[in-house]
Structures are given as structure tokens and as C-alpha cells.
Amino acid sequence: MRKKIVAGNWKMNLDYQQGISLFSEIVNMANDEVIGEQGIVICAPFIHLHGLAQLAGSRSRVAVGGQNIYFQETGAYTGEISASQLKSTGATYVILGHSERRAYFHEDDNQLSRKVDAALKHGLIPIFCIGETQDERESDRYFDVIRTQLEEGIFHLADGDFGDVVLAYEPVWAIGTGLTATPEQAQEVHAFIRNEVANHYNQNVANSTTILYGGSCNPKNAPELFAQPDIDGGLIGGASLKSRDFIDIAKVFNR
Ligand code: PGA
């Protein structure tokens with residue numbers, strides 16, 4: 001069976017001390033309350049990563065991830081962080097292609113495909129985000145948009161490498177807006193994505209690909225979303241800043 005994952009995306013929130021304190025709460029609650037095989041990941045700003053990874057240590061079931069990397073290995077790229085630098089903090093995951101990075105920092109599919117390569121080369125698991133805008137949904141172009149994001153951003157990988165990737169479907173119109181996709185809307189796209197993976201690779205690869213849903217996911221709507229056959233967990237923004245809410249979402253897979 002494919003892996004179930006609940007990943008938090010703290011975005012640009014929390015100073016160092018606040019991050020350490022929230023993460024400690026999450027680790028303690030996860031150790032006490034989360035039973036099952038579900039993976040739990042916190043994707044934090046760069047400043048937190050080493051501290052969080054130290055706190056998590058080898059005892060905790062909570063993994064740590066970044067929210068971006070640059071694709072170059074090293075050199076004169078002021079302000080950027082490479083995959084190997086991220087990895088050296090103890091982080092094991094990295095979100096790539098989040099719609100906020102695509103929109104505000106003009107990251108395109110070509111850059112993202114290079115970031116995916118850099119992440120895999122250094123042993124980081126990419127959480128690769130795809131999803132349509134409201135306009136693209138309303139004009140019924142969402143399947144095309146998502147197909148292009150897959151083809152240009154990640155389908156260049158060989159089967160073996162693709163097996164290390166986690167996908168996240170995040171409809172842009174649902175992120176931070178309180179407008180969650182209905183379970184049926186999300187399932188429709190997740191099934192489409194899995195089918196695209198089967199067409200490009202094969203059915204075995206498709207069956208083992210973890211596909212997360214993201215966009216205003218909370219403890220109330222998570223059970224119905226995660227009950228869909230092609231939804232394997234969530235990428236959680238706002239609700240990951242509250243330990244109780246985040247753990248309650250992770251516990252959906254306890255049942
Ligand atoms: P949200 O964000 O849960 O606050 O909508 C999700 C995300 O952007 O990953």
C-alpha cells in the first residue's frame with residue numbers, strides 16, 4: 001500500500017523561538033496520540049530546520065522539510081539555499097512548485113524540473129505541488145493545466161526516481177481562502193493525476209504514488225477528504241500552525 005502522509009506547511013510564519021515551541025508540542029502530541037503508519041512532516045522556514053531536526057532526533061516520528069531550494073549546487077547565488085545545504089540541516093523533505101512560489105517568484109516548470117533533480121540527487125523527497133487557478137477551473141481548463149505541470153515539471157524522471165516523489169494537488173482557489181474543494185472535486189482530480197501517472201509510467205507506479213490534497217484542509221473536512229480512494233493525506237497550511245488542529249488531521253489515519 002502507498003504511504004499516507006500529513007505534511008504541514010508553515011510558510012513564512014513564526015520566529016525561531018515560536019517555531020521550536022510549536023514543533024515541540026507537535027512532536028509530543030504525535031508521539032502520544034498518532035498511532036498508525038502515517039508519515040508526519042513539518043515544512044518550515046530555513047531558519048528553523050536545523051533546530052527542528054535536532055529536536056526531532058531519531059526518536060520522533062515527525063520528519064522535517066524545507067519549502068524551497070535553488071537548483072544550483074553551490075556558488076554566487078546570494079540569498080539562495082541549495083539541496084545539499086538543506087539536507088545538511090537534517091531535513092528530509094522539500095516542497096517544490098507551491099503555487100505561491102509559482103505566482104510571486106515566477107518559478108516555472110523548467111526551473112522546477114531542475115529543482116526536482118537537485119532534491120533527488122541529494123536524497124531529499126520532493127513534495128511536488130500542482131493545481132489550477134480559479135479562472136482555469138471556471139473555464140474548464142484544469143485537467144490541461146495539471147497535465148502540463150506534470151509533464152514539464154516531473155515526468156522527465158525515470159520510474160525509479162519518480163517512486164521517491166510525493167505529489168500534492170492544491171487548487172489555488174482553495175489555498176488560504178477557506179474554500180475547500182469538495183471531496184468529489186478533489187477525488188476527481190486525484191484520480192485524473194493517478195491516471196496520468198499510469199499512462200506515463202505504469203499502473204504499479206501509479207498505485208504506489210502518494211498524492212496529497214492541500215487547500216483549507218482542517219480537522220472538520222479532513223476525514224471526508226482522506227476517505228476518498230485517491231487522496232493519501234494532506235498538505236496543511238493554516239491549520240498546521242495550531243498543534244491541536246494539525247495532530248487531529250494526522251489522526252484521521254488512526255481509524
Ligand atoms: P492552507 O494552505 O491549508 O492554508 O489553505 C495549504 C498550502 O498552501 O499548502
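**View 1. His106 in the loop between α4 and α5 (109-121)**. Helices here are DSSP runs of H or I with at least four residues, strands are E runs of at least two, and both are numbered from the N terminus. The model is predicted: local features need pLDDT of at least 70, side-chain atom pairs count only at pLDDT 80 or more, and totals for chains, interfaces and linings use all residues. Residues are numbered from 1 along each chain as its sequence is written, and side-chain values use heavy atoms, without hydrogens or water. Phi of His106 is positive, near 55°, and the residue is not a glycine. Most residues other than glycine have a negative phi. His106 counts as exposed because its relative accessibility is 60% (exposed is over 50% relative accessible area, buried under 20%, partly exposed in between; 1.4 Å probe, protein chains only).

**View 2. Ser216 in the loop between β7 (211-214) and α11 (222-226)**. Ser216 also is not a glycine, and its phi is positive at about 55°. With 19% relative accessibility, Ser216 counts as buried.

**View 3. His190 in helix α9 (residues 183-200)**. Relative accessibility is 0%, so His190 counts as buried. Beyond its neighbours within four places in sequence, His190 is in contact (heavy atoms within 4.5 Å) with Tyr169, Ile211, Leu212, Tyr213, Asp230 and Ile231.
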